[in-house]
Amino acid sequence: MTRPSLWFLRSALIHLALGFTFGGLLLWNKGVPIHPLLWRLLPAHMEFLLLGWTVQLAMGVAYWILPRFYTQRGDVRPVWLAFVLLNGGVWLAGMGATLAAPAWVILAGRLCEAGAAAAFAFNAWPRVKPMALAASHRE
Amino acid sequence: MPFLTRLFVKTALVYFIAALVVGVLVMARPILNLPPIVAGLSPVYFHLLMVGWVTQLIMGVAHWMFPKFSREEPRGRDWLTWTIYGLLNAGLLLRVIAEPARTVSDASLWGWLLALSALLQWLAGMGFVAHLWPRVKGH
């Protein structure tokens, strides 16, 4: 497993743990009320599990297993940029909404997430190719 | 494909069908005058899809495809994977029963079952993170 994939997948697992913890508190609070403020965890619960866990896991696995150019996976810089933008975006959008931050904070989070998608696609796009192309590239 | 992976993936497929059937019921309720309990199925629909289908499918495939834990136990500790499977599904099924029941009954039993469901699913999530973390590694 490559270094960027390790970071994506470990971060995805951390978001899974946090997202499940928020979700567990929300569901417990729904059945046996603890505190009304716990409802504010809902946006963070959704953001952490949809983007921080599911999307980030897909990105980490895709970077690891998509076809390579001989032994190379292309320019790694956009992938690291995607990692930083995605995680920054998830925290800005998720925790921003949970902590009732100004709307521009959540907007900044969403912009970071969109930037992460674009940066990731920049690396992944040429790697989505038939096997024959990999062979010809080698020659 | 290991037995536990087949179990996770086939269970996930059952939840996939169940989630979409529940989605149809929720949308059909006002048109077909279905009983009020169906209104309580909205969050159940979403969690059947995201926990029962997506997360469980990921868990099954990750158990199968991620780098080996060790030579002796390539897929980690089987007892832990069985525990995760049991906790996740028991928790989710409890939610399927208790959440709509709570919308039509004031009995505190449903609230406590919902809290128990939260605890079981949270334990499954933490167990999965503990199970997979050591397998997120390089060669």
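This report covers the confidence, folds, helix packing and chain contact of a predicted model.

## Confidence

The model is predicted. It scores ipTM 0.92 and pTM 0.92. Chain A averages a pLDDT of 92, with 94% of the residues at 70 or above. Chain B has a mean pLDDT of 94, and 99% of its residues reach 70 or more.

Helix 1 of chain A, residues 3-31, has the highest confidence in the chain, at a mean of 97. Helix 5 of chain A, residues 131-138, has the lowest, at a mean of 56.

## Overall build

Chain A holds five helices and zero strands. Its elements run α-α-α-α-α from the N terminus on. The radius of gyration of chain A is 18 Å, well over the 14 Å that the globule rule gives for 139 residues, so chain A is more spread out than a compact globule. Its C-alpha atoms fill a box of roughly 65 × 30 × 20 Å along the principal axes.

Chain B has four helices and zero strands. Read along the sequence, its pattern is α-α-α-α. The C-alpha trace of chain B spans about 60 × 30 × 20 Å along its principal axes.

Helix 3 of chain A covers residues 77-98, which is 22 residues. From first C-alpha to last it reaches 31 Å. That is close to the 32 Å expected at 1.5 Å a residue. A:A100 follows helix 3 of chain A and has a positive phi, near 55°.

Helix 3 of chain A packs with helix 1 of chain A. Their axes come within 10 Å and cross at roughly 10°. Angles under 35 degrees count as roughly parallel, and the two helices are therefore roughly parallel to each other. Helix 1 of chain A brings A:P4, A:W7, A:F8, A:S11 and A:H15 to the contact. Helix 3 of chain A brings A:V79, A:W80, A:F83, A:N87 and A:V90. By class, the residues of this contact divide into seven nonpolar, three polar and no charged.

## Helices 2 and 3 of chain B

In chain B, helix 2 (residues 42-65) packs with helix 3 (residues 78-104). The angle is about 170°, and the axes lie 10 Å apart. Angles over 145 degrees count as roughly antiparallel, and helix 2 and helix 3 of chain B are therefore roughly antiparallel to each other.

On the helix 2 side, the contact residues are B:P43, B:V44, B:H47, B:V51, B:G52, B:Q56, B:M59 and B:H63. They meet B:T81, B:I84, B:L88, B:L92, B:R95, B:V96, B:E99 and B:P100 in helix 3 of chain B. The contact residues divide into nine nonpolar, five polar and two charged.

## Contact between the chains

Across the interface, 21 residues of chain B are in contact with 17 residues of chain A. On the chain B side, helix 2 and helix 4 (108-132) each supply at least two residues. Helix 4 of chain B gives the largest share, 14 residues.

The side of chain B that touches chain A has 15 nonpolar, five polar and one charged residues.

Notes. Residues numbered from 1 in each chain as written. Chains lettered and ligands numbered in written order. Predicted model: local features only at pLDDT ≥ 70, side-chain atom pairs only at ≥ 80, totals over all residues. pLDDT = per-residue confidence, 0-100. Axes fitted to C-alpha atoms, helices over the stretch in contact; angles between N-to-C directions. Parallel < 35°, antiparallel > 145°, perpendicular 65-115°, else oblique. Contact = placed C-beta atoms within 7 Å. Nonpolar A, V, L, I, M, F, W, Y, C, P; charged D, E, K, R; others polar. Expected span 1.5 Å × (residues − 1). Rg over C-alpha atoms; globule rule 2.2 N^0.38 Å.
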